[in-house]
Amino acid sequence: MRVRLWGTRGSIPAAGCETVRYGGDTSAVEIRCAGDRMIILDGGSGLRPLQTDGSDASRIDILLSHLHMDHVQGLPFFPPLLDPEVEVHVWGPISINRTLRERIARYLSPPLFPVRVRDLANVVFHDVVPGEFEVGAIQVTADLIAHPGSTLGYRLTEGSSVLTYMPDHEPALGNKSFPDSPEWTSGFQLAAGADVLIHDAQYEDSEYETRVGWGHSSVSHLAEFVRMTQPARLVTFHHDPSHTDTDLDGLHERLINRVVNGTDVVPGMAGLTIDV
Amino acid sequence: MLVPPKEDTRIGPNAHNIGFGPCGQQDATLLHLASRGTKFSPMPPHQQPVEIILLRQVASYLSIPVWVMDSDGNLVYYNDSAESLLGIRFDDVGPIHADQLREMFRVTDLQGAPISESSVPVVVALSKRVPAHGEIRFCGMDGVWRDIEVSAIPLEGQGGRFLGVLATFWEIGD
C-alpha cells in the first residue's frame, strides 16, 4: 500500500501561513493498492485537492470513520462523486434509525448545501457493522472506538502489510487502569502490531485536562497507546486547528521523547507519502 | 446523464466479530478458584467492545449495583456497590468464566427451593436476549444468603451485535 496524506487537520480547516507545513485541510488519506485501486479514508476538506490520476478510474472506495463535519465536508467537492463513469462506494458506521445515505443527506441537502445526495452520479452506500469485509484485495477490519457518536477505526491488511487508521480516538476514556490494561483499552486490537498507525494527536497534555470526553488524545496518552500496541510507525493526525506549525513541532518533540519503544514517530503533514 | 445509484448494501449483522488481546486479571481468578479446589477454565483473551468499556466506566461511578456479562456469559465486571451483595471484591476475583459462575453463586427461589438456571433473570437476558426481572435467594461468596430482586437487560449494539447483559439488583426490603 502507498499512503498519502491530503488532509491532516482536525475539527475545522485551518488555512493560513502558520499551518502551511502540516496543512490546513481536514481528514483525507489516499491509499493506492495493488492494481492502482484507490481507497480513501475519510472525506474531509482534504478530499477536494486529492488527485485520482493514475488510479483505476472505474471505482473508488471511501471509508468514513464517522460523520462529523470535518470528515465529510469534502465529499461534494470530490469530482468522481459527480462523474457517472466512476463508481464510488462510500462506507461508514451503521446507525439505528437512519441509513448512511440518509445521514449524509442531512448535510447534502438545502439549506446546508445546494447539491443533494440524489444528484451524486454513481454512488453506493454501505452501512458498516463492526467486523470484517473486503475491498478488492484489502481485508478491512472495522471496530467502534472511543469518540462521541458511532466512530469506526479501520485496520487494512494487504498481504502482510497492515495500516491502522484511527483519526479521532480517546484511548484513555473508560479505562481507569490505562495504560496497563489492553483488554479495556479502546482500539487496542485494531492497532496492535500495525506497520503504520495513523492516530489522533490533537492535544497537549495541558489541553486535554479540560477536554476529557471530547474524543481525542493527549501526547501522553498517545505515547502510552503506542507503547501498548507497538506499531512500527506512528503517523500523527487530526492536529488541533489552533496549533501552528511551530506548536506542532514542539508537540512532536515531546511525543518523540515519550515514545520509547522503538516506534518511528512521523509527523503527519499534508503531502506525506508512506509505503506500507 | 445521471446514473441511478445502485442498491445500497449493509455489512452484517453476521459479519465476523474480531478477536482480541490479553485478559488482565486472570491470575487473581485462577488463584481464588484454585483455593476452592475448583477446576479453572481460562477465559479466552480478548479486548472488550468499546460499548462494554464505556459501560464499565459508567457503572464504576454509580451507587446502584451493576453486573456486566459479555456475550458468552462471562462476568467481566461488577461495581463497588455490587461487591457487598456478591460478598467479594471484584479486584480480588477478576473476570469470572461463565462455567464458574454457577459454582460461585448459588441461587434458589425465595422459599429456598431449587430453581432452574434458565429462569434466572441474567440467564434469560443472555439466552433469550430479552429484558428479565425476578426475585431470587442468592448466596454470595461470603456465604450469606440474601433475598434480592434482579433486573437484567440484553446489551445489543448497532447492527444487531449482541454484546452481553447488564444487570442491577438489590435486597428485597431495602
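Predicted model: local features only at pLDDT ≥ 70, side-chain atom pairs only at ≥ 80, totals over all residues.
Residues are numbered from 1 along each chain as its sequence is written, while chains are lettered from A and ligands numbered from 1 in the order in which they are written. Local features need pLDDT of at least 70 and side-chain atom pairs count only at pLDDT 80 or more, whereas totals for chains, interfaces and linings use all residues.

**View 1. Chain A as a whole, with six helices and 14 strands.** Helices (H or I, at least four residues) and strands (E, at least two) are DSSP runs, numbered from the N terminus. The radius of gyration of chain A is 18 Å, close to the 19 Å that the globule rule gives for 276 residues, so chain A is as compact as a globular protein of that length. That radius is taken over C-alpha atoms, and the globule rule is 2.2 Å times the number of residues to the power 0.38. Along the principal axes, the C-alpha atoms of chain A fill a box of roughly 50 × 40 × 40 Å. Of the 276 residues in chain A, 56% are buried. Here, buried means that 20 or more other C-beta atoms lie within 10 Å of the residue's own; exposed means 12 or fewer, partly exposed is in between, and C-beta atoms are placed from the backbone.

**View 2. The open sheet of seven strands in chain A.** Follow the order β7-β8-β9-β10-β11-β12-β13, in which the pairing is mixed. β7 (131-135) and β13 (264-266) stand at the edges with a single partner strand each, so one side of each is left without a neighbour in the sheet. From one strand to the next, the twist averages 20°; axes are lines fitted to C-alpha atoms, for helices over the stretch in contact, and angles run from 0 to 180 degrees between N-to-C directions. Strands count as paired if DSSP finds at least two bridges between them. Five bridges hold β9 (residues 152-158) of chain A and β10(A) in an antiparallel pair, and A:Glu158 stands opposite A:Ser161 in β10(A).

View 3. Strand β3 (residues 38-41) of chain A runs parallel to β4(A), joined by four bridges; look for A:Ile39, whose bridge partner in β4(A) is A:Asp61. Strand β5 (residues 87-93) of chain A is also parallel to β4(A), with five bridges, and A:Ile60 stands opposite A:Val88 in β5(A).

View 4. Most residues other than glycine have a negative phi, and most peptide bonds are trans. A:Gln230 is partly exposed, with 14 other C-beta atoms within 10 Å. A:His238 has a positive phi of about 60° and is buried, with 31 other C-beta atoms within 10 Å.

**View 5. Helix α6 (residues 121-128) of chain B.** Chain B has six helices and seven strands, and 34% of its 174 residues count as buried. Six of the eight residues of α6(B) are buried, so this helix is largely enclosed by the rest of the structure. Among the buried residues are B:Pro121, B:Val122 and B:Leu126. Their cover includes β2 (67-70), β5 (132-139), β6 (145-157) and β7 (161-171) of chain B. After the helix comes B:Arg129, whose phi is positive, near 60°.

**View 6. The largest nonpolar core, with 112 residues.** Such a core is a set of buried Ala, Val, Leu, Ile, Met, Phe, Trp, Tyr and Cys residues joined through C-beta atoms within 7 Å. Residues with the most contacts inside this core are A:Val29, A:Ile40, B:Val68, B:Tyr78, B:Val122 and B:Val165. Its largest share, six residues, comes from helix α5 (residues 219-229) of chain A. Leaving aside residues up to four places away in sequence, B:Val165 touches residues including B:Met69, B:Val122, B:Ala125 and B:Leu126; a contact means that C-beta atoms, placed from the backbone, lie within 7 Å.

Note on methods
Contact = placed C-beta atoms within 7 Å.
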